[in-house]
Every structure is written in structure tokens, then in C-alpha cells.
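Me: I'm new to this one. Can you walk me through it?

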Amino acid sequence: MRWPRKHTFGLWPKGNGRNRSSGGATGGQTQATVATIYDPGCEEKEKYTAQNGDDYYGQAHTVDLDVASKYSKPKEAHWLVRRIFFLSWITSYDREQAFADLIAGITLGLTIIPQSIAYAALAGLSSEYGLYSAFIGSIIYVFFGTIPQVSIGPTSLMAILTLQFCADKPVQVVIVLAFLAGLVELAMGVFQLGFIVSFIPAPVTKAFTSGTALIVVFAQIKNLLGVRMKGFPSIGDFFTNIRPTDAAMGISCMVVLLLLRLLSQVNFKQDTPVTRRLKKILWYISISRNALVVFFTGLLVFIWVKKSSIEAVPFALSSKVSSAMPTIKLPPFAFEYQNRTYVFTDILHELGSGIVVVPIVAVLANVAIAKAFVKDGNLDASQEMLTLGLCNIAGSFFSAMPTCGAFTRSAVSQASGVRTPMAGIYTGLIVLSALSILTPYFQYIPKASLSAVLIAAVIFMIDLAPVKELWQTNKKDFFSWVGSFIICLVAGVELGLLFGIVLSMVFILLRLGNPKFEVTLKQHESTYYVHIVPQSDVYYTGVDALRSELRGACRLYHNDFPVVLDCARFMQFDATFSEMLISVAKEMASHDVLLILQNMSLKVQQMLPVMGNVRFCQEDSQLASHLQVEKEAPVLEAKL
């Protein structure tokens, strides 16, 4: 078959005397510009007669300047306002917002105090370290945070990671861990690495959260039942060492906490001012359940001690707190502990992978909470990273443990009607008041009640529902969830998270290297052609798969029909794409097969050399004209 000497991209010229309905022309003139390819023997400078691709598409999609002038992109805030976010809302702060923030701050303060004490115990620290973490994070977030609902402070997630990396180590190591985690988080924010969070899929995050929650339950079940054995006892030894008094205290606290949790779900048949007020009271009791349980159990022990002695108390109690008022000082980069001198390199060696795992997990949790509560969907993840880094760095100067946002406290803030991050000031002041007044009484809190608070807080984070759903919908996500969950329980939460991320990245690479294509035989009037459409974006990694698909389509249809390849989803077209298309086009030319490249921009077309059996088109009507030329070619050849 002899190809016509001259063919076009399917972009008809202005004033060429032809009326094409596809071009939308009137009076024998269209709106586009011609781009003509001459025969392969022409000089390269004569290859294109049209303007370049950018100019063409600029003409084809020009908008009236008068219309465009009515719309303008909102002016971006100054970088200082974006970073010190406090400046963006403080000028419009009013009395109504201040009152709402006061209520939310007090409510959150009553929630965070017992949680901080419990999470410090979970991390293997005394109570004051949890409160140090609670007040400084709340105050720092006021000035740099962007989401009013987010509450920075100690969490079960950070406590379990701290326990894992700092168990049986001096408390100074925990403080340095908070400082180093803050540095990593701050660097992630400064270098605008918020996009990294998008590469961690939801199933991996859910598996990690469920695995961590289950570890917390297992870690606290001994204190809940009064088992004082170290390590992992056998089942027989475990049950024989249960202390009835501690078990009764722990189980009773669990039942009370779960019942109080249900109060927020009480609905009344009639909606009256009295029922609305009563519902509000029940809701306040429900969100204050942790504080109520800790207060009344501590009060019970305090009365018991006053009537007899602390040795006569039948419950295991928290450790004694001597002095808890925070003092600002540098993190202990060098210290002595048990006749051993620790320097900074020794601390780094002790922490190991925790220096990276702790900040990454903290960022994941914080951004997930921010996404859940952001109103307009416009979340600056990098700013949240920067803020979290500042909270941890500042906390290390007050002997704090690593912190991040907490789902439960953020939900309490939302339900309390928080309006701005200013609520953190009131929360911080309440925590400081507790540090200055209540610390002598922390020793009266039973360990069983703190364990009940922790278990009741995390047990609802265990979500096994995705297993069945993912098995039915997406096997890859199912294996990511199951693998991450099991490894979290067996080998540690950091390895479980790493496994999920690596497995997801492998799936992404496999998809990039093996894209899917839809191959169909279509008919236009009396002309048949093979249509190949990618089902996903095609990068250079999928070039071999595309080559195989083109060759397979030609063999399947015995080289009888033209091949139309939709190029709209070719990403980052480069030399690898060009070489593949050139080699395939030459193979198809040897079998007299026409290759039509559809939806390829003019700028990309110029990367390909002139080839006799290659056509380009944009619209379906232009494709039809190429197919018509292909159909008439044998007749023209016979006449010649």
C-alpha cells in the first residue's frame, strides 16, 4: 500500500476553502491551525508548518479577557501569617468565640488530666511527665496550629511507642526522644513533605491503629487484674496471680466507664427545653467519665488511708510524685545513670529506629485527625508537621514525653463547641493548676482504675470490620491490612507500619510497570479499526506492556485493520516512549498497518520523527477522516 504524500494532524487550516463540521467553522473557515507533515524525505525544518503546540492550544482555548478579568485567584497570605497561624484569626477574635473556647478548654482540661496520668503510666513513667506533655503542647498549638479541634498531648499511641523504645531506660532518654522526634517533624514541615502522608494507604493506617490498640489492651490487662508478674507469664500462672481486690476495682471501673459512655447516646421522645438541657448534662457527664472515675477511686483510697494507713490499702497504687511543677531546662544530651555516663551518641544508639518511627507515626496520627476535622478541606499538612515539631521540641525543654494529636480529645473539643485554637490556653492553665495543687494526691490513684481508663479509651479503636470488606473488594488491600496487623502484634508496631508501607509501594510499582489496556474492534461506517485505550496512567515504566499490547493486537487481527492508540493518559512522555512508538510503527509499516495516535498534544508530536504510516488526531471526527483516507487509499493507488 502506498501512503498519500501529504497528511495532517487533523487540525484544519484557516481559510482553506473546506467546510468541516468537526471544526465548527462558518463560512468555509475553521477555528484551528493546520499542522502538516510532508513525506519522510523532506527536511526537518519543513516537518511542521504550524505554530508550536503551546501557541496552538493557547489560540484554541482563549477566553475573553473581559470575562477573565472578573475572576481572580485569592491573594495568598504573607508567609509569616501562614506559619504563625495565630495572626490570621486573632484580629477577628470576639467575645462569643472567647466564651465558646473557654467552655471547650475547661472540658478538655478535665479530660486530658486523667488521660495524661494514665498514658504516662503506660509509657513506664511517673504521672508528672504525662502532665508536662499535656500543658506545653496545648499552649504551643495555639500559636501555630490550624485546626481548632486538634488537641496535642500524650496519647496511647505515643505511650506504647515510648514504652517500646525506652523500656527499662532512664527517663532522660525519653526526653531526648521527644526532642529528636520534634526535630524530624520540624524538618518535614520546613521542607514541605506533607505529601508523603498520601503514600500511606488507609488499610495500613487502620491495621496499625488496631494493632497498637490491641497491644495497649494486652499491656494493661495485668494492672487491671492486679497481676504483678513481669514478662509474659503462662496462662496458669496468670490466673493464679490475679488479685481479687484489684480485679474487682478494675472491672468495676470498666463497667462504669462503658455505661457512662452510653449516656451521650441517650435520646428523649420529646424535644423540649428541659430534655435538651438534660441531654446536655448527660453529655457532659459522659465526656467527663475518665476524670470522674479517677477522682472517685482516688478519693476512696484517700479516705481509706486517712482512716488506717497506706500499707492497709488492698489496691496497687500509682508511684509517689514528689515535685511536679515544670522547670525549663535543656534536654539531657549527657547525663549519669547508675554509675554510667551517657553521651549523645549513646542515647542515639539506645533509641535506634525510634528516632524515625516515632515522628512518622506522630505525623500520621496528627494529619489523620486534622483531615477528619478540617472544614473546607484545605489542610496544610506541612504546617501541621511544623507545629507538631515545635510542640515536641518545646516539650523536651519541660521534660515531656513525645506527643501528637488524640482522636478522643479532638472529638471532645468538637462536641464542646470549640471555635479557635485559643481553647488550648485554658486547657494548659488547668493542667498547670493540677501540677501545682494535685500532685501530692496522684499517689492515691489505683493502677487498676488507670488501666481501665486506658483500655476503655482504646478498645473502640480496634476495627476488624475491614477484613471482610477488603477480602470482597480488594485483595491487595486485604493482604496489606492483615500483614501489617499481624506484624504489629508479633514484631512491633514500627515493623508493622514499615511492612504495610513497603507492600503498598510494591503494589504501586507493579501497577506502574504493568498497566492495563482495553482492546476493542470498532466500526465506523464500513471501516473497521482496533481501538486501544489505557485504563490507567502510563509512565515510561509501562512502555514494555504497551509494546506487547500493540503487537498482540496486530497479531490477533492479522494486521487487517488500522490501530488507534489513545495517548491521553501518557504521562511524562520521554525518549523511552518515542523509541517504543518508532520501533512499533516500523514493524506495523512492514505489514501495511496504519497507526493513529489519538489525543496526543502537538508539542509531544514534535518529539516523533516523520513516519509514513503514522497519523495524529484529536477529535473523533478527525479520526473518521483518517479512516476514510485509509479506506480510499487502495483506490488511489490503483489509479496511480
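Reply: Let's start with a term: buried means under 20% relative accessible area, exposed over 50%, and partly exposed in between (1.4 Å probe, protein chains only). Helices (H or I, at least four residues) and strands (E, at least two) are DSSP runs, numbered from the N terminus. This is a predicted model, where local features need pLDDT of at least 70, side-chain atom pairs count only at pLDDT 80 or more, and totals for chains, interfaces and linings use all residues. Residues are numbered from 1 along each chain as its sequence is written, and side-chain values use heavy atoms, leaving out hydrogens and water.

Me: OK, is helix 16 largely enclosed or exposed?
Reply: Largely enclosed by the rest of the structure, because 15 of its 16 residues are buried. Helix 16 covers residues 381–396.

Me: And what's the average pLDDT?
Reply: The protein averages 80, and 84% of the residues score at least 70. pLDDT is the predictor's confidence in each residue, from 0 to 100.

Me: Which element has the lowest mean?
Reply: Strand 1 (residues 7–8), at 38, while helix 8 (residues 171–190) has the highest, 93.

Me: Switching topic, how many disulfides?
Reply: The count is 0, taking a disulfide as a pair of cysteine sulfur atoms within 2.5 Å. As for cysteines, Cys404 is buried at 0% relative accessibility, and Cys488 is buried at 1%.

Me: What about the open sheet, what order do the strands take?
Reply: The order is 7-8-9-10-11, with mixed pairing. Two strands pair if DSSP finds at least two bridges between them. Strand 7 (517–524) and strand 11 (614–617) are the edges, each pairing on one side only.

Technical notes
Expected span 1.5 Å × (residues − 1).
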